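Subject: Structure handover

Hello,

Here is the structure I said I would pass on. Please open it next to this email and look up the residues as you read.

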Amino acid sequence: MNFEVPNMIFALPEMFMLGMACVILLTVAYLGEKGANIAYGLSQFTLIMTAFLIYRSFGEGGLTFDGTYIKDTFSDVLKLAITVINIAVLLYSTSYLKSRGLFKGEYYVLAIFSTLGMMIMVSANHFLTLYLGLELMSLCLYAMVAMHRDSKVATEAAMKYFILGAIASGMLLYGMSIIYGATGSLDLATIASAIQTGGLNDTVLSFGIVFLVIGIGFKLGAVPFHMWLPDVYHGAPTAVTLFLATAPKIAAFAMAIRILVDGLGDVHQHWQGMLIMLSVLSMIIGNVVAIAQTNLKRMLAYSTISHVGFMLLGVLSGSQEGYAAAMFYALVYSLMSLGAFGMIILMSRQGFEADNIDDYKGLSERNPWFALMMLILMFSMAGIPPLAGFYAKLTVIKAIVDINLMSVAIVAVLMSVIGAFYYLRIIKVMYFDKAEQNEPLEAPTDMCIMISINALTVLALGLFPGALLAICASVFF
Amino acid sequence: MFTDLPLLSLLIWLPVLGGIAVLVNGDKNGWARPLSLVISVVTLLLSLGLYIGFDNATYHMQFAEHASWISTFNINYSLGIDGFSMPLIILTTFSTVIVVVAGWEVIKDRVSQYMAAFLIMEGLMIAVFSSLDAILFYVFFEAMLIPLFLVIGIWGGPNRVYATIKFFLYTLFGSVFLLLALLYLHHVSGSFSILDFHQVSLTMQEQIYLFLAFLIAFAVKVPMWPVHTWLPDAHVEAPTGGSVILAAITLKIGGYGLIRFALPITPDASMALDWLVIGLSLTAIVYIGFVALAQSDLKKLIAYSSIAHMGFVTLGLFIIFRIFANSATDSGAILAVEGAMVQMISHGFIAAAMFLCVGVLYDRMHTREISAYGGVINTMPIFSGFAVFFAMANAGLPGTSGFVGEFMVILAAFQANFWYAFLAATTLILGAAYTLWMVKRVIFGEVANDNVAQLTDINRREFLMLSSLAIIVLAIGLWPAPLTEVMHASVEHLLTQVSQSKL
């Protein structure tokens, strides 16, 4: 048996990150409470350097680690997005953590390990690698949700998240084992070629696909596997919600693409129907239930569910164009979600969470600039041009129209009208209602700059979406 | 001279960027008003360049500009105007100047935001009229909702939140179907160019669905009965400037959309379903006329009269198929479409003037109830002169622009069917009834109460804006040729497009 030395260079960013994660872990272990500031600095350094390493080797790629690991443009784009978004997440969350006594090194250790998990998921070319990345990410997330030990809701949220997450992982593993039974391999490329060759037992194959789709549905938060999502988003400290709601969605999207497209792309008729169900239900339930929410975090959780439904439209179309559209959607969504939760953090102070919609009353008088930024984010989420969210919806609906699923497209556009209502409500509260307290609202400068960059990027992507759309298209064509 | 300049881009982006500049400048130094006025006047002057440089002889798109925007989907920044869009652009630039002047003293808080919203909206509306790419059109069509939503919601009346959300959701509901239709057309034709959509051949079933999608989108904007209910609410709650822009321009986008999309892209479905549009238009003209008669709120009355007048636009556009069936020449059809266009332009000026008159009264009395007024002529003679003039124009008095459009459409309707013409002509009675009755109750008679007795007549600023509108209404009424000439070639081209079956 000959042993081939794997081409480490393809996994250089991950290896760097792993090394740094260990360094941060040791720092925190030795310095204890005092190490939090250093851990924060090191984490940012790690993320920036990782982003730089990914950027340096952008577009080069191939298989490594005996075909279990892949580096391609798809993974490069998503990893870059994940690292950049997490840089922003850490930036947003620091002051929130400090004011609530949660500013501990552990948060950063978990964040970096979790980011590593996401990157492994994105680059997985093998069911085991994928599962490894998924679990690394999820276990860190469970712990992060539970970080606020004294908070009842946070603990409850963590329990729910952990149990349902474990069930989802179980489903996924079961599906993987059935696919292994049908095709004789755990390697995505081998599975794809086995399916292409044909002669497989169709019943076993589709049985396995059912479980895989359930697992993916759980992780994305698609209806009917969405139950955990509002509670976790609501219960977790906002800084953790922010972390949960952004980069992991990109990773979960990558997982869906790796499994369904890279592995099972040739039997897309088997999973298309299931995804249509998930997608239509998510859009309907997410948008309709969001209307009834008075808590902004919960409302955004339901809006996440509906956005997942829209994103799945692109995946289920089964066309290159649709996958690119879904990718664009995932990136734009995480950017908008970053801004929206970032705004909640920005508004919150010690002892005041600012997560009720009424807390935003008269924001346009208290701080016109923040109100304008939130306006951009909300209109973008509602899918109104000229903002990035519009093109996200446009491209996925276009993919659906192009495969002649007009009825699904009609549901999608009607749901986006219903969705517009609750986003408009936020704008109404900010602009049309009188403020209850009149003192102007201030926030730390770095966060002001961050939220401005964030929202203005959404606007800029809305005015010139061509470049990002071209990148997404280049991945799949 | 004008063909070298990217005039359309200039017209779109000057007000948008100017609006942002006004917004950034803020309220502290008091520059918001003069700066907005300068920007809007410069835009108006530039837009006159379109009229001067316009070639009446051709139906081809003029002042065309083309640049790649989203290359992945072949979406282009593609602009151009023909005889339909050019007059509407000038209407837009003119109305914006009026709005800026109208808000000069009235708007006291957040002046810069108010002015910026209207300037940005001006740019977006010009862009809607000049976009030749379907997605570009849709982007501007939707983006326009944002400033108007804020204008009604921030500076509106007591029930403004309900009105503005209703307005937003209603129009969004209509326009998502437009988006689906445009995506489907791209699926069939492989292009997003509106002019390519005109060429694509479609089966009857496809055309019916597309036509219905267009109809929902644009009927909400026009608004046609029975999807008109957002308009009275929005008008009543909107500040004067918002009402002016709503009535003068956003409603016209509905009519423009039917001309640009529904008729040329789905001619066979338009013919098959013309009974639907004609029926709805006649309902609007007759039934809404009666509804207007029953109103006790000045703005609501004018809002309903707008719906009735816009009924002429849709009627004029869709009786052409009946005229084709009845006569060998298409002079009747030309009369109908040109009548619809003249009606749009004329209504833009008259409705704007009417809302301004209500605004003048409201600024002094802070009520729009007709019963609160009476004998205004005793205290405000000059204003009353204008008000009576515009009311006459609204009722379609010969010699004013209101007469020209309605007369052309009614005349054309005779060639389609006597009863269409008969029902349409009832507006001459109904329109006169509700407008003149309102004038009688508000303007004439004895001074009704102390508040009216203390009214002061219009100042120079108000005189300026009302008189400029009066001159235009009179000019179009007496000599409409300069307006009809520019659209003649385009109308003829539209009729050839419509008469060719796409099946």
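This is a predicted model: local features need pLDDT of at least 70, side-chain atom pairs count only at pLDDT 80 or more; totals for chains, interfaces and linings use all residues.

The interface

Three residues, B:Phe73, B:Leu180 and B:Leu183, supply 17% of what chain B buries against chain A, which is more than any other three residues supply.

The polar side of this interface can be listed briefly. Six residue pairs are in polar contact between chain B and chain A, counting pairs with both residues at pLDDT 80 or more. The rule finds one salt bridge across the interface. B:Arg110 and A:Glu365 form a salt bridge, with their closest N and O atoms 3.4 Å apart.

The core

The largest nonpolar core has 402 residues, and the members that touch the most others are A:Tyr107, A:Leu264, B:Phe214 and B:Phe383. Helix α16 of chain B, residues 331-365, gives the most to this core, with 22 residues. As general background, nonpolar side chains tend to be buried together in soluble globular proteins.

Apart from neighbours within four places in sequence, B:Phe214 is in contact with B:Leu178, B:Ala181, B:Leu182, B:Leu185, B:Ala219, B:Phe261, B:Ala262, B:Ile265 and B:Thr266.

A buried helix and a buried valine

Now go to helix α10 of chain B, residues 230-237. Eight of its eight residues are buried, so this helix is largely enclosed by the rest of the structure. The buried residues of α10(B) include charged ones by name, B:Asp233 and B:Glu237, as well as B:Trp230 and B:Leu231. What covers them includes α6, α7, α9 (204-221), α11 (240-265), α14 (298-318) and α16 of chain B.

B:Val220 is in helix α9 of chain B. Is B:Val220 buried or exposed? With a relative accessibility of 3%, B:Val220 counts as buried, because the cut-off for buried is under 20%. Not counting residues up to four places away in sequence, B:Val220 touches B:Tyr170, B:Thr171, B:Gly174, B:Leu215, B:Val227 and B:Trp230. B:Val220 and B:Leu231 are 11 residues apart along the chain, and their C-alpha atoms are separated by 9.2 Å.

Salt bridges

How many salt bridges does the structure hold over all chains? The count is 19.

One of them joins the side chains of A:Glu14 and A:Lys79, at 2.5 Å from N to O. This pair links distant parts of the chain: A:Glu14 is in helix α1 (residues 12-31) of chain A and A:Lys79 is in helix α3 (residues 73-99) of chain A, 65 residues apart. A:Glu14 and A:Lys79 are both buried.

Another salt bridge joins A:Lys71 and A:Asp76, at 3.0 Å from N to O. A:Lys71 counts as buried at 3% relative accessibility, and A:Asp76 counts as buried at 1%.

A:Arg258 and A:Asp262 also form a salt bridge, with the closest N and O atoms 2.8 Å apart. Both residues lie in helix α11 of chain A, four residues apart, which is about one turn of the helix. In general, an α-helix has 3.6 residues a turn, so residues three or four places apart point the same way. A:Arg258 is buried, with a relative accessible area of 1%, whereas A:Asp262 is partly exposed, at 30%. Salt bridges that share partners also join A:Glu156, A:Lys160, A:Asp231 and A:Arg298 into one network.

Leaving aside neighbours within four places in sequence, the residues in contact with A:Arg258 include A:Ile70, A:Asp72, A:Phe74, A:Ser75, A:Met121 and A:Leu188.

Regards

Notes:
Residues are numbered from 1 along each chain as its sequence is written. Chains are lettered from A and ligands numbered from 1 in the order in which they are written. Side-chain values use heavy atoms; hydrogens and water are left out. Buried area is the accessible area (1.4 Å probe) that two parts lose on being put together, summed over both. A salt bridge is a side-chain nitrogen of Lys or Arg within 4 Å of a carboxyl oxygen of Asp or Glu. A polar contact is a pair of N or O atoms within 3.5 Å; within protein, one must be able to donate a hydrogen and the other to accept it, and residues adjacent in sequence count only if both atoms are side-chain atoms. A nonpolar core is a set of buried Ala, Val, Leu, Ile, Met, Phe, Trp, Tyr and Cys residues joined through side-chain atoms within 4.5 Å. Buried means under 20% relative accessible area, exposed over 50%, partly exposed in between (1.4 Å probe, protein chains only). Helices (H or I, at least four residues) and strands (E, at least two) are DSSP runs, numbered from the N terminus. Contact means heavy atoms within 4.5 Å.
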